[in-house]
2 protein chains.
Amino acid sequence: MPLGEFGLIGRYFQCAALEQAGGHAKVALGIGDDAALLDPAPGCHWVISTDSLVQGVHFPDHYSPDDLGYRALAVAVSDLAAMAAAPLGFTLALTLPRVDELWLQGFSAGLAACAAEHRISLIGGDTTRGPLNIGVTVFGEVLQGRALRRSGARAGDLLCVGGPLGEGAAGLAVVLGQDLPATLTGSERDYLTSRFWRPRAQCELGAALAGVATAGLDISDGLLQDAGHLARASGLALHLRTTGLPHSPALQAWPAALQLDWMLRGGDDYVLLFTLPPEQAALLERWREQGWAVSVIGEAAVGEGVWLDQQPVGGADGYQHFKESTHD
Amino acid sequence: MPLGEFGLIGRYFQCAALEQAGGHAKVALGIGDDAALLDPAPGCHWVISTDSLVQGVHFPDHYSPDDLGYRALAVAVSDLAAMAAAPLGFTLALTLPRVDELWLQGFSAGLAACAAEHRISLIGGDTTRGPLNIGVTVFGEVLQGRALRRSGARAGDLLCVGGPLGEGAAGLAVVLGQDLPATLTGSERDYLTSRFWRPRAQCELGAALAGVATAGLDISDGLLQDAGHLARASGLALHLRTTGLPHSPALQAWPAALQLDWMLRGGDDYVLLFTLPPEQAALLERWREQGWAVSVIGEAAVGEGVWLDQQPVGGADGYQHFKESTHD
């Protein structure tokens, strides 16, 4: 792959590449050739996911490049967590309108911070001139037979989430400064801003789910829509209870109805949604002791679709790109 | 990864995914979950390369979506060929200004045609609304120790190319309709148009070079610039002879000086440039019998830089993005 014309990748992103490369004997060849080489562990699947971020669609026009760099990698790593995979490396395809040194320094610093948290190496990239577009492809590994797919849930399984819901949507409202309630405190504002810009991909929880949970994914489009994906892929119904949903104290300044709407339909939470056989329920307590805010929000049953308080809600009730299109 | 909002990936790209998936037992899980799963062969490196294509930079404003789909994948696969890797799969991150069914049908058909030629499967993707941007990440495998890197050339090695030079640049001139000579024939025009839009990644030649050539890459930025990459990475000088360069009969309608400039500095040729120990020279004849238009254009020597007819030419003498930038 081109290595970043004018050495952009080499000049600005070495911190994400080299500091981490030492931690990964599996990166046999990183930035600097036509392609990167990774060495797989025996008996593992390779896990691959790709995402692109576009200004005005995935992030607002006003942002800090540092936050954007962190977020671009974090949302991609979340897909690895959702497969119960251990993150290994990533590539960056960066389209930029111009070479802006301050922007690149900030963006690469945020990217490197997220890479360091997940011990993941930048192994290659491509930079191009054009409207801002950030493409991240992430690579991980998982033992064969242990990947956490969307299919596999069984009737009777507990439906669980890995953390509070609605913080991504509330974070976006704070970032956009939309009708913020007067009672919102400074610390709530800071916390929610950070939840939007610096989501924490739940890789440790994902790894703990490998071979235990029957199905799972990460909530990026909103609880109801992502539950719909899981229900369809597993060929069963998911029954949720409003009273079981994990509330975030950071949302308390908003009206209760808006809080609930964000919890059900807000995107960008990046917490895991998974099904657990009832005989494994004791694990939930152990995980909570480890600091993971897991909770049971419903159960899987024979049937189809997503049900909230015994009412069908459909599965496509969340955030979608191309929303003005008539093609759905 | 999101599977293409509104099922775009599933609706338009199944032909690239499913038809090929049957040929690859190594794709354990393709489109439809948070990530794809690939199963590595024992003793292989995984080879990964990413590229993005932007309108007005990598392709002109007037194009056929079918050609664009072919080209987007072909240029990425060429990076696998340049590592002597066997192609396995790819992901597509597609940013589109709107959902245009005709465009998507054409683009996916071209993509599928290139995928079929290389027996490579689409394993996942992401579609987003925004200015047109095409990100392709390709995956392949190569036996450990057999990857064709840019480093590794030794003084005395023969410098070789895998086909005629300058056809990519001439093809672009034809595509743009720039000052075309009156003597250009219809068949030359068709051939060169095809060379620009449908470059043939030299995967078979790359595989034949594994364990034989000492270094190699694909010529995407122009012979002199790419030779500079190889010289630097290998820590030696490359001496080229003008008389040794493989001429393309399709360029004969243009002035000789322009032909030479395209051969030396034109981009988009996507033929392999590699170094071969002199004791392996007999292979060249065998490869030519197989139909690969390989030729010797110079040799590696102690020293540094790229030399043409005993004059130093530097290594950065070719096409670059961000060309109006002052940051180089």
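**Annotated sites, cavity and local packing in a predicted model**

For "binding site", an unreviewed UniProt entry lists A:H58, A:D268 and A:Y319. UniProt positions are given in the numbering used here, feature names are shortened, and annotations may be inferred rather than shown by experiment. The structure is a predicted model, in which local features need pLDDT of at least 70 and side-chain atom pairs count only at pLDDT 80 or more, while totals for chains, interfaces and linings use all residues. Residues are numbered from 1 along each chain as its sequence is written, chains are lettered from A and ligands numbered from 1 in the order in which they are written, and side-chain values use heavy atoms, with hydrogens and water left out.

Chain A contains 10 helices and 13 strands; helices (H or I, at least four residues) and strands (E, at least two) are DSSP runs numbered from the N terminus. Of its 328 residues, 60% count as buried, where buried means under 20% relative accessible area, exposed over 50% and partly exposed in between (1.4 Å probe, protein chains only). The accessible surface of chain A is about 11700 Å², and 52% of that surface belongs to carbon and sulfur atoms. These areas come from the Shrake-Rupley method with a 1.4 Å probe; for residues, only the protein chains shown count as cover. Contacts are defined by heavy atoms within 4.5 Å. Among contacts in chain A between residues at least 6 apart in sequence, 86% join residues at least 24 apart.

Two of the residues listed at the outset were examined further. A:H58 lies in the loop between β3 (44–54) and α3 (65–81) of chain A, and counts as buried because its relative accessibility is 16%. A:D268 is placed in the loop between α9 (256–265) and β10 (272–276) of chain A; at 17% relative accessibility, A:D268 also counts as buried. Leaving aside residues up to four places away in sequence, A:D268 touches A:R71, A:G168, A:F196, A:I219 and A:S220.

The "binding site" annotation (unreviewed entry) in UniProt also covers A:D221. This residue is found in the loop between β8 (215–218) and α8 (223–234) of chain A. With a relative accessible area of 13%, A:D221 is buried.

A:D34, A:D79 and A:D218 are likewise listed by UniProt for "binding site" (unreviewed entry). A:D34 occupies the loop between β1 (27–29) and β2 (36–38) of chain A, and its relative accessibility of 1% places A:D34 among buried residues. A:D218 lies in strand β8 of chain A and is buried, with a relative accessible area of 2%. Beyond residues up to four places away in sequence, the contacts of A:D218 include A:S78, A:D79, A:D226 and A:Y270, together with B:D34 of chain B.

A search of the whole structure returned 1 cavity of 30 Å³ or more. On a 1 Å grid over the protein atoms alone, a cavity is a set of points where a 1.4 Å probe fits but cannot get out, and lining residues have an atom within 4 Å of a point. Grid points are joined across faces, edges and corners, and a volume is the space filled by probe spheres set on the points. The largest cavity has a volume of about 100 Å³. Its lining comprises 14 residues, of which A:S52, A:A93, A:G135, B:A93 and B:G135 lie nearest the centre. Two or more lining residues each come from β3, β4 (86–96) and β6 (133–143) of chain A, and from β3 (44–54), β4 (86–96) and β6 (133–143) of chain B. The lining divides into 2 nonpolar, 12 polar and no charged residues; Ala, Val, Leu, Ile, Met, Phe, Trp, Tyr, Cys and Pro count as nonpolar, Asp, Glu, Lys and Arg as charged, and the others, Gly among them, as polar.

In chain B, helix α9 (residues 256–265) has B:Q259, B:W262, B:M263 and B:L264 buried. The buried residues of α9(B) pack against α5 (167–176), α8 (223–234) and β12 (305–308) of chain B. B:E285 lies in helix α10 (residues 282–289) of chain B and is partly exposed, at a relative accessible area of 42%.

B:G298 belongs to strand β11 (residues 295–301) of chain B. Its relative accessible area is 0%, so B:G298 is buried. Among the residues touched by B:G298, not counting those up to four places away in sequence, are B:D157, B:L158, B:H239 and B:R241. A C-alpha separation of 9.8 Å is found between B:G298 and B:T243, 55 residues apart along the chain.

Key: On a 1 Å grid over the protein atoms alone, a cavity is a set of points where a 1.4 Å probe fits but cannot get out, and a pocket is an open set with protein on both sides within 12 Å along at least five of seven lines; lining residues have an atom within 4 Å of a point.
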